[in-house]
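Here is a short briefing on one protein chain. Please look through the sequence and the model before reading the points below.

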Amino acid sequence: MSMATPNRERSVVAQGGAPTPVRCAIYVRKSTDENLRGDFTTLDNQAEYCRSFIKLRDSMGWEAYPEVYSDAGYSAKNMDRPALQKLLADAQRGRFRIVVCYKYDRLTRSTRDFLEILNVLEKHGIDFVSVTQPIDTASPMGRLMRSILMEFAQFEREMIAERTRDKLSAMIKKG
């Protein structure tokens, strides 16, 4: 199964011509809890983008799942995140048909973890959509672009870790 993209959106029509509901889970993440105390945070912004994306497809039956899966203060370096684990468990229970995320790197910054997550979703007939990176993964070129995006996300995470280690090392040397 290919992942849903704006070019290949899922829509099911019931008897009478009205689309049947296609529940869409929203996943948001920010690696630090910095600036998450205000009235409108980056997590709220990500969720709002996802809701708008889903709303634009309401004629196809798309509707937002009531729960937003939100990992505030969790790095995407691994899958040890409570909301991600709940999302995957709910996916296995068939609670929604599509997972919507602001960007690929909000889901994970590990190529291996990304493929594992996609495998779980595919196994349960669930599509994945990135709002800001709409790639048609039904084509070989789309799958290549998805892989390149994930490799860059992982590279960026590794570079951040390297800079952090260098800074800590310099601080230790200075006392």
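Of the 175 residues in the chain, 41% are buried, where buried means under 20% relative accessible area, exposed over 50% and partly exposed in between (1.4 Å probe, protein chains only). This is a predicted model, in which local features need pLDDT of at least 70, side-chain atom pairs count only at pLDDT 80 or more, and totals for chains, interfaces and linings use all residues. Residues are numbered from 1 along each chain as its sequence is written, and side-chain values use heavy atoms, with hydrogens and water left out.

**Chain layout**
- The chain has five helices and four strands; helices (H or I, at least four residues) and strands (E, at least two) are DSSP runs, numbered from the N terminus.
- Their order from the N terminus is β-α-β-α-β-α-α-β-α.

**Helix H4**
- H4 covers residues 111–123, and its end C-alpha atoms are 18 Å apart.
- Buried residues in H4 include Phe-114, Ile-117 and Leu-121.
- Gly-125, which follows H4, has a positive phi, near 70°.

**Cysteines**
- A disulfide is a covalent bond between the sulfur atoms of two cysteines. Counting pairs of cysteine sulfur atoms within 2.5 Å, a search of the whole structure finds zero disulfides.
- Cys-24 is in no disulfide, and the nearest cysteine sulfur, in Cys-50, is 9.9 Å away. Cys-24 is buried, with a relative accessible area of 0%.
- For Cys-101, the closest cysteine sulfur is that of Cys-50, at 6.2 Å, too far for a bond. Cys-101 is buried, with a relative accessible area of 0%.

Note on methods
Expected span 1.5 Å × (residues − 1).
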